[in-house]
Amino acid sequence: MATVETRALRKEFTGHTAVDGVDLTINEGEFLVLLGPSGCGKTTLLRMIAGLESQTSGDILIGGRVVNDLPPRARKIAMVFQSYALYPHLSVAKNIAFPLKAQGAPRESIAGEVDRAAKMFGIERLLHRKPRQLSGGERQRVALARAMVRHPDVFLLDEPLSNLDAKLRNLARDELKQFQRRLGTTTLYVTHDQVEAMGLGDRIAVMSGGTVRQLGRPQEVYDEPADTFVAGFLGSPPMNLVPVDGVLVGFRPEQLLAPGAPASEGVGPAVPMRFAVERVENLGAGRLLYGTLPDHAPDQKIIVSLAYTVHSSIEAGRTYDFRMHESNLKFFDPGTGRRVPARPLPARRSA
Ligand SMILES: Nc1ncnc2c1ncn2[C@@H]1O[C@H](COP(=O)(O)OP(=O)(O)OP(=O)(O)O)[C@@H](O)[C@H]1O
Ligand SMILES: [Mg+2]
């Protein structure tokens, strides 16, 4: 276990800045998720921490020690790649043993470590098989087992679940979280999947264009996005952003309350807000309503999400009296995209 810290970390490729000054501290034993769209610099950041890519400037500290000039082996880090990179010609047992063998560990201790890792990841039955004889989920467990036999101080995981189908991903996610809890290994986990990030992270660092836009606990980042990028990246559908009298007003699709829907407690009174429904989409577990707020922004499409338990008979082509807790409204500067302090919602336009 160790802390990992980056200070003003930068990486420039020819004519292109991939990581643009990242200051990040991962606490001891923490599961930190690096979340951001394709090309924002996640893998580059991970590879610099692992020592597989040199930084252009800035510092990397592991356990409080600057490791800028240490080779990957000396950093006590284990990295799991998206592709798992298992050796196809070696059995599962030999794959797991590989890093220990490369270190020159004694034979008996290797066998013990392989057994222990296989047990922890529930793959004892698979030890004699080759990688091609495994499912995607099993391969993932082998890759994790191989990463942990060296007792790394830090796990770096680059989209390790992205090869799995949706159902298996949920299971693997839960499993991974439990392994990490049990081992207590400081973990930096890269994904572009916000659901994965919300479910796995003790904290999430949201990245865009080589910089960290926001760092916080999942619910904090979801509820209090620092800017319109974060607001739009988390949540499915994302936060509605409606231009109202010179500001962007944001609210989550589930925060507009349908007639008959229960109001939340402790967030102040719910004020009326009319919603013109144009289309209703049934998702089974709930419904999505597409439409506009005729009193505030008649030209801006918004999406409202209704829980399965809201038994109202809402139809397309009609306008309803919805409600909204004003404390759920977030305000953003339309120029910079940054959050600005809350203000009262401007008076309605004439109906
Ligand atoms: N070796 C390289 N040479 C030049 N440019 C690179 C190199 N590696 C990455 N880049 C560029 O740096 C940027 C960041 O790449 P990186 O692989 O870190 O993104 P990412 O966030 O991991 O994306 P993805 O989610 O698609 O994996 C991209 O614009 C990419 O094209
Ligand atoms: Mg990547």
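## Basis of the model

Residues are numbered from 1 along each chain as its sequence is written, and chains are lettered from A and ligands numbered from 1 in the order in which they are written. In this predicted model, local features need pLDDT of at least 70, side-chain atom pairs count only at pLDDT 80 or more, and totals for chains, interfaces and linings use all residues; side-chain values use heavy atoms, with hydrogens and water left out.

## Overall layout

The chain has 8 helices and 19 strands. Helices (H or I, at least four residues) and strands (E, at least two) are DSSP runs, numbered from the N terminus. Along the principal axes, the C-alpha atoms fill a box of roughly 80 × 45 × 35 Å. Of the 351 residues, 49% are buried. Buried means under 20% relative accessible area, exposed over 50%, and partly exposed in between (1.4 Å probe, protein chains only).

There are two domains: domain 1 (4–223) and domain 2 (239–340). Their bounds come from an automatic or database domain assignment. The C-alpha centres of domain 1 and domain 2 lie 38 Å apart.

## The ligand site

The residues around ligand 1 are F13, H16, A18, P37, S38, G39, C40, G41, K42, T43, T44 and E159. A residue belongs here if one of its heavy atoms lies within 4 Å of the ligand. By class, this shell has 4 nonpolar, 6 polar and 2 charged residues. Ala, Val, Leu, Ile, Met, Phe, Trp, Tyr, Cys and Pro count as nonpolar; Asp, Glu, Lys and Arg as charged; the others, Gly among them, as polar. β2 (16–26) and α1 (42–50) each supply at least two shell residues. The largest share, 3 residues, comes from α1.

Oxygen atoms of ligand 1 make polar contacts with the protein, including one to a side-chain atom of S38 at 2.5 Å. A polar side-chain atom of T44 also lies 2.5 Å from a ligand oxygen. At C40, a polar backbone atom is 3.2 Å from an oxygen of ligand 1. A polar contact is a pair of N or O atoms within 3.5 Å; within protein, one must be able to donate a hydrogen and the other to accept it, and residues adjacent in sequence count only if both atoms are side-chain atoms.

## Helix α1

In α1, 7 of the 9 residues are buried, so this helix is largely enclosed by the rest of the structure. The buried set is K42, T44, L45, L46, M48, I49 and A50. K42 and T44 are also around ligand 1. G51 follows α1, with a positive phi near 90 degrees.

Strand β9 (residues 203–208) has 6 of its 6 residues buried, so it is largely enclosed by the rest of the structure. R203, A205 and M207 point one way; I204, V206 and S208 point the other way.

β9 pairs with two strands; pairing needs at least two DSSP bridges. Strand β3 (residues 31–35) runs parallel to β9, joined by 4 bridges. Here L35 has V206 as its bridge partner. Strand β10 (residues 211–216) runs antiparallel to β9, with 5 bridges. M207 is bridged to V212 in β10. The hairpin of β9 and β10 has 2 residues between the strands, and G209 takes a positive phi near 55 degrees.

## Residue P99

P99 sits in helix α2 (residues 92–103). Its relative accessibility is 14%, so P99 counts as buried. The C-alpha atoms of P99 and I303 are separated by 50 Å. Along the chain, P99 and I303 are 204 residues apart.
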